[in-house]
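Here's a walk through a protein model, meant for someone who likes to know how each number was defined. Keep the viewer open while you read.

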Amino acid sequence: MKLLSGAIAAVDHGGSLGRASALFPHAPQPFVDLSTGINPHSYPLFELPATALTRLPEAGQLRELAEIAAGAYGAPSAAHVAAAPGTQILLPRAASLVRPGKALVLGPTYAEHARAAAIAGHAVAEVGDFDSLVEADLAVLVNPNNPDGRVIEKARLLDLAARLRAKGGLLVVDEAFMDVGPIEQSLAGDVAEGGIVVLRSFGKFFGLAGVRLGFALTDPLTAERLDAQLGPWAVAGPALEYGIRALSDANWQADMRKRLAQDAGRLDALLDRFDVPVSGGTSLFRYLSSPEASSLFSALGECGVLVRHFAERPQVLRFGLPGNDAEWQRLESALAAWASRREDGPKEIER
């Protein structure tokens, strides 16, 4: 168990091009930003009605969004959905649903969960053993996990939720990457009994992180509590428009899952060509652990290719997906430049 006494401190994240420029001031720009797990092939942009910007959002639109989100994610009904301006704002609110006590986060994982639990007044610790979560008042895990893609089976999650519920505890499952995960392991359809909050992110899979839209799926009473905390007009007009259209577009979603799976396979093959071992991830990001991770991060950065590194785990990297042929070529060239400095050059891909 790893106690996180400084968990309220700000967390460093991927995706900051300003930080990248400071770290690699001589790198060619623009950067190829592979440091996030955001889909580089976003949902098609469309012209917004003027009312999305000139009027306050209508309650009817929010109800429509909740109904569509419930169908898209598999929640029992719209009453089980609380919509928010991104899942980030839901983290401390979900953590506040139980009285301050012991919060256990299954890690290593997305660091904001520990910070949010600390903000809510919990004593926070990170654990590496799933079975340890039963000792918590608030148990938090990410499924599929960020950054390694680990998946916890639904049966184990339901058993944990029941044991926590029996003592007034809460299970929070962040399913930010379940759009490209094994959907049969999602808890979205099992939130009605209470004691469970499932978080779903809109921006990652749909590639529209700037829209700021996310959802908590839970029992109706808890959804009402979260809605009350967020207050009126929590979801902006443009987010309502994009959420309603994109979550309704099942054909785009199915086609995109296939495309992302192909891109992830292409990335694995490219990394394998240069003896870079991939050991996990999802089809939105690939995960590797290697003693050469630090040198690879620096070499890629100097070439203007930014990947996600973790200061507390220097042997770990996470690669997002290039978005077009030019970005694929720049990544390949950067890998080749790094490999040329090693004793062994790249191996040929078997065809």
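Residues are numbered from 1 along each chain as its sequence is written, and side-chain values use heavy atoms, with hydrogens and water left out.

How confident is the predictor? The average pLDDT of the chain is 94, and 93% of the residues score at least 70; pLDDT is the predictor's confidence in each residue, from 0 to 100. The stretch to watch is residues 345–351, where pLDDT stays under 50. The model gives that stretch ten contacts beyond four places in sequence, a contact being heavy atoms within 4.5 Å. Where pLDDT is low, the predicted coordinates should not be read in detail.

Now for the overall build. The chain has twelve helices and 13 strands, which are DSSP runs numbered from the N terminus (helices are H or I with at least four residues, strands are E with at least two). Its radius of gyration is 21 Å, close to the 20 Å that the globule rule gives for 351 residues, so the chain is as compact as a globular protein of that length. That radius is taken over C-alpha atoms, and the rule is 2.2 Å times the number of residues to the power 0.38. Along the principal axes, the C-alpha trace spans about 60 × 50 × 40 Å. Of the 351 residues, 49% count as buried; buried means under 20% relative accessible area, exposed over 50%, and partly exposed in between (1.4 Å probe, protein chains only). Among contacts with a separation of 6 or more, 73% are between residues 24 or more positions apart.

Let's pick out helix H6, residues 154–166. Which residues of H6 are buried? They are Leu-157, Leu-160, Ala-161 and Leu-164. These cover an arc of only 100 degrees around the axis, which puts them on the same side of H6; the arc is that of the directions from the helix axis to the C-beta atoms. Ala-155 and Ala-166, on the other side of H6, are exposed. The cover over the buried residues includes strand S6 (138–142), strand S7 (170–174) and strand S8 (196–201). Just after H6 comes Gly-168, with a positive phi of about 80 degrees.

Helix H9 (residues 237–248) is another story. Nine of its twelve residues are buried, so H9 is largely enclosed by the rest of the structure. Among those buried residues are Glu-241, Tyr-242 and Ile-244. They pack against helix H2 (51–54), helix H3 (59–73), helix H7 (203–206), strand S9 (214–217) and helix H10 (250–273).

That brings us to H10, whose 24 residues should span 34 Å at 1.5 Å a residue; its end C-alpha atoms are 35 Å apart, which agrees. The buried residues of H10 pack against H7, H9, strand S11 (285–289), S13 and helix H12 (325–340). One of them is Asp-263, which counts as buried at 11% relative accessibility. Leaving out residues up to four places away in sequence, Asp-263 touches His-41, Leu-321 and Trp-328.

Finally, the loops. Trp-233 sits in the loop between helix H8 (220–230) and H9 and counts as exposed at 52% relative accessibility. Where are the cis peptide bonds to look at? One runs from Gln-29 to Pro-30, with omega near 5 degrees, and another joins Gly-107 and Pro-108, with omega about -5 degrees. Pro-30 is in the loop between helix H1 (17–23) and strand S2 (32–34), and Pro-108 is in the loop between strand S4 (102–106) and helix H5 (112–119).

Key
Expected span 1.5 Å × (residues − 1).
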